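Please examine the structure shown below. The explanation that accompanies it is meant to be read with the model in view.

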Amino acid sequence: MSFINLALSLALIGVAVAVAPILDTVDRKLRARLHSRIGPPTLLQTWYDIAKLLGKEIVVSEGGSAVVVPLFMTVASALLALSALPPGVPSPLAPLDLLYLIMFSAAAHASFILVAVSSGNVYAVIGGFREFVLVSVNEVAFVLGLTAVALSTGVLSFSGAAYYGDFRPIPYIVSFALLSICLYVSSARIPFDLGEAEPELASGVLIELSGPLLAIGIISVLLKRFLSASITAAAIALPIMRYIGAYGLSGFSLLLALTITVWIIHSLIAASLGRSRVEVAVKTLISLYIPLTLLAYTLLLFGV
Amino acid sequence: MNQHKDLLPQRLRPLESLIQEWRWIDKGRAVMLDVKRDKLVEVARILYKEIGAFFKTCAGVDERPLWGGFAVYHIFGIDEEGLDVVIYVKIPEKDHPWVPSIVREVPAADWCELEFRDMLGIDPRGRLTQRLVLPDDWPEDVKPLRKDVPYGYRPPRAEESRPVEAGMYPSGVPVGPYHPALHEPEYFELYVEGEEVVDVRYRGFHVHRGIEKLAESPRFDYNKVTFLAERICGICGFVHSCAYVMAVERAGKVEVPERAEYIRALLLEVERLHSHLLWLGVAAHLLGYDAGFMHAWRVREKTMILAEYLTGSRKTYGMNLVGGVRKDITPEKVPKILRVLEEVAEGTKKVADMIVSVPQVRKRLEGTGVLRRGDAAALSVVGPVARASGLNRDIRKDYPYLAYKDVSFMVPVYSEGDNLSRTLVRVEEVFESVEIIKQLLDRMPPGDILNEEWDIEPGKYAVTSVEAPRGEDTHFLITGVGRPYRWRVRAPTYANIPALRPMLRGQELADAPITIASIDPCFSCTDRMLVIDVRTGKRSVLVTRPKVRVVSLG
Amino acid sequence: MVKPILKLITVAKEVGVVTRKYPYESPLLTEEFRGKIEIDASICWGCGACVKACPSNALTIRESMDVMELVYFAGRCIFCGRCADVCPTGAIRVTKEFELATDELEDLEQVVIHRKVKCPICGKHFVPQPLEKYVCEKCAKGEIPTYMMVCPECRRKVGVKKMIRCKGG
């Protein structure tokens with residue numbers, strides 16, 4: 001059993017790396033269609049872009065060589081966080097998998113900010129600072145939202161939640177709303193791509209990266225997006241699995257299908273909105289998070 | 001102008017005792033006042049503050065080949081009368097010429113005074129001076145616009161670069177000077193505290209091309225300068241070529257067929273459509289709303305194809321000559337023009353509606369980059385920037401030229417002075433332009449389009465103002481033999497950039513790009529920003545690129 | 001949040017896709033478009049009217065001993081078509097060609113070579129042959145002045161001599 005679990009965890013990591021750039025092309029294609037453009041010619045376009053970047057020489061700006069470590073840390077943390085996800089089989093980590101997920105997704109965000117700060121470019125520092133403000137608000141809500149989702153299924157474990165405990169639909173809906181907003185924000189899409197903000201900050205966090213380093217930077221951004229989409233997908237998948245009994249491989253496929261759907265919904269939202277300003281974004285988010293959190297925990301506490 | 005031809009216009013009466021002589025120039029559209037140097041400041045003050053004239057520009061001229069000295073022309077406009085007032089100051093010194101500075105009375109004269117100081121060595125006395133136009137390594141004793149400097153002169157290359165002193169703040173970390181989102185080198189230093197902009201310094205003229213000097217060179221003649229003029233700007237090229245040919249035509253009393261004037265006005269409006277839609281798209285892009293960007297440019301593409309259909313060039317280039325235009329608008333073309341206009345009007349309506357419905361876009365346009373009416377008037381700002389700050393200024397109405405006297409249209413004016421007002425002014429102008437083009441097509445008289453029989457007398461003056469999409473474009477011309485003796489161009493952005501300082505102070509850094517863009521600064525030329533964090537107190541000065549280490553992957 | 005999404009989808013649906021796969025599909029050009037010019041060497045006289053009218057020095061004249069070359073350099077051309085306006089023979093045609101990018105500078109150049117007429121007196125070469133031919137044709141038949149084929153300098157000298165002879169004789 002733990003072998004299947006390990007296999008599925010590894011499979012999800014492999015799929016994430018392979019599919020995230022393809023989903024990014026889907027994103028670009030969809031955006032192009034909404035812009036009345038043709039868009040990239042093939043679904044592999046982002047892969048081609050990454051391959052091209054990987055073929056260039058490595059250029060490191062002086063005082064910016066420290067970016068390499070946090071860059072790889074971002075990728076590694078995002079992948080580790082993903083490994084806690086596959087539902088359908090109780091994780092050997094359960095009931096610690098929730099903690100594990102929170103820890104590594106936070107690590108992914110933190111090291112991404114570290115990329116910005118260590119690159120020594122003022123634009124990147126401003127981008128990193130914005131990212132920091134946003135992430136600090138968002139991570140708190142993320143932890144609360146994730147926990148609330150797990151609690152509304154009766155067990156403080158994410159992968160195990162499909163099996164045990166009793167499912168409480170009303171708190172579940174509220175806490176899912178909270179969680180899905182957090183996850184949209186952490187996917188760093190418009191209106192919350194404040195750290196990048198290309199026309200304002202000339203490319204923010206990633207500004208000092210080029211060639212293979214930029215390729216890794218792009219992969220790390222895409223993996224973070226994949227992580228956000230698949231946590232959302234996992235949260236949707238939980239009750240479904242419980243009712244239709246999709247375990248094992250079928251649960252895995254359900255998770256993937258939902259991840260793709262969530263990704264597309266995310267792209268649709270991002271294509272239709274403009275970029276927010278950091279203080280406005282934070283205010284808006286706080287005014288959404290506080291009532292949703294209060295509501296979710298009140299419902300949980302009073303056993304609705 | 002209903003004044004008696006021999007009398008000084010009513011509004012200028014208070015100046016009568018201060019001026020030496022006066023005369024009508026430019027076919028009776030402007031008055032030239034000869035003023036002695038010691039009376040200049042007083043005359044400027046009365047004109048600007050008491051009579052309420054707007055300052056347009058000033059021009060220094062090397063008139064040594066004519067009478068042995070230099071001269072400065074200060075050009076004002078009285079909007080209500082549609083009257084330009086040119087103050088002519090003679091400077092007898094051959095070496096070290098000077099004039100009193102009027103900048104204390106007329107803040108808008110700041111840049112052009114520095115410009116004649118750089119270009120002609122005429123010293124504006126009584127003010128702080130620094131180099132504005134010339135690069136730092138340009139030799140001190142070469143004043144490029146003087147007639148004895150050959151037009152092809154190239155100074156020796158500077159051996160080493162000097163750091164630029166970084167403004168009035170003691171500390172900062174400079175970044176830049178690159179900004180890939182908007183193109184062309186201008187350079188804004190934004191002093192920030194956290195994310196709040198506390199001050200702004202502008203450093204520009206990196207791409208000064210010496211066009212005014214080139215036009216005086218033997219390489220050019222009256223007709224060829226037209227093609228040079230349209231290359232001043234990549235967006236409002238036709239505005240510049242129109243302003244130039246109109247100046248030559250008025251100064252040289254060249255008859256222009258009425259049909260040509262209609263065609264010119266029509267193309268000016270096509271250009272406005274194009275420019276405003278381009279701006280709308282870029283504004284959306286700056287606010288992160290790329291869907292708005294793409295759709296605005298989709299509509300704009302129709303206007304570019306229309307421009308190509310009417311002129312042969314997507315950018316309305318190559319249409320004007322002194323005496324008329326080169327390509328007629330034949331009756332077969334009219335239905336297609338009308339169809340495109342319908343599409344543009346409908347498309348703009350939908351796209352603009354879509355853009356302002358996005359909450360983030362609205363939130364970031366409303367109340368940001370505010371320019372109060374008082375500041376706007378003091379700086380003599382022009383175009384949509386002035387109209388969004390409650391100043392009802394539109395050259396098409398105030399100084400009717402070409403066929404604008406024959407069409408009716410509205411001038412949208414807003415009083416808020418924020419980025420949203422500037423956006424709305426431009427969107428509304430798109431619809432007005434569509435209506436203007438329809439009226440022009442409807443009323444276009446038959447006849448010739450080009451008069452090639454002309455002869456231009458030297459030593460005549462003209463001041464022309466054309467309402468470019470981004471504001472008033474003023475050209476001042478003194479005719480010479482075979483080509484202009486002096487041709488002075490003041491593009492609208494020149495008047496609007498100083499207004500960015502009051503607009504940006506106290507802004508969020510995030511809103512700085514859209515605010516800078518909101519004046520539609522000859523658009524490609526928006527910003528190079530320098531961000532200096534006042535709090536961190538770290539400093540390392542300037543523009544040397546960080547050294548890079550290249551590791552080859554083999 | 002829903003409103004802008006719906007508005008965008010409506011607009012995008014109405015409009016469809018407007019871009020083209022450009023290098024593989026034809027560009028959007030109207031019939032009025034002005035691209036680079038082509039000079040028909042067989043009609044050109046080498047009069048230089050186009051060079052005089054050209055605002056951007058894209059057309060220049062290169063002279064050597066016995067040859068005059070009219071050089072069109074598309075790299076400097078602003079595609080105004082003034083040359084075609086002023087060409088007396090209609091040798092210059094404005095085409096719609098604009099895809100001029102190249103890595104060979106010579107690809108941007110068109111050269112029309114005219115041999116020059118040799119002066120029978122001093123042996124120096126002067127006007128391009130077709131221009132001389134045109135002038136001859138313009139003159140009434142059989143009345144080609146004696147000194148027409150002579151270079152301007154010799155013509156002046158001979159003329160002065162003749163005048164002196166007239167006066168003296």
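This is a predicted model: local features need pLDDT of at least 70, side-chain atom pairs count only at pLDDT 80 or more; totals for chains, interfaces and linings use all residues.

The following paragraphs discuss nonpolar cores, then a pair of strands, and then a sheet with a helix.

The largest nonpolar core contains 277 residues. Within this core, the residues that touch the most other members are L223(A), Y73(B), V85(B) and I87(B). Domain 1 (10–154) and domain 2 (211–529) of chain B each contribute at least three residues to this core. Another core, of five residues, lies apart from it; among its members are V117(C), F126(C), V150(C) and C151(C).

I87(B) may be considered in more detail. Leaving aside residues up to four places away in sequence, I87(B) touches L33(B), V35(B), L40(B), V43(B), A44(B), Y73(B) and H74(B).

Strand β3 of chain B covers residues 54–63. Nine of its ten residues are buried, and therefore the strand is largely enclosed by the rest of the structure. Its partner β4(B), residues 69–78, runs antiparallel to β3(B) and is joined to it by nine bridges. Across this pairing, T57(B) stands opposite I75(B).

Chain B also has an open sheet of three strands in the order β12-β13-β14, paired in the antiparallel sense. Strands β12 (461–468) and β14 (484–490) stand at the edges with a single partner strand each, so one side of each has no neighbour in the sheet. From one strand to the next, the twist averages 15 degrees. Six bridges connect β13(B), residues 471–479, with β14(B), and here L477(B) stands opposite W487(B). Helix α6 of chain B, residues 237–251, packs on this sheet and touches β12, β13 and β14. The directions of α6(B) and β12(B) make an angle of about 155 degrees.

Methods. Residues are numbered from 1 along each chain as its sequence is written. Chains are lettered from A and ligands numbered from 1 in the order in which they are written. A nonpolar core is a set of buried Ala, Val, Leu, Ile, Met, Phe, Trp, Tyr and Cys residues joined through C-beta atoms within 7 Å. A residue is buried if 20 or more other C-beta atoms lie within 10 Å of its own, exposed if 12 or fewer, and partly exposed in between; C-beta atoms are placed from the backbone. Domain bounds come from an automatic or database domain assignment. Two residues are in contact if their C-beta atoms, placed from the backbone, lie within 7 Å. Helices (H or I, at least four residues) and strands (E, at least two) are DSSP runs, numbered from the N terminus. Two strands pair if DSSP finds at least two bridges between them. Axes are lines fitted to C-alpha atoms, for helices over the stretch in contact, and angles run from 0 to 180 degrees between N-to-C directions.
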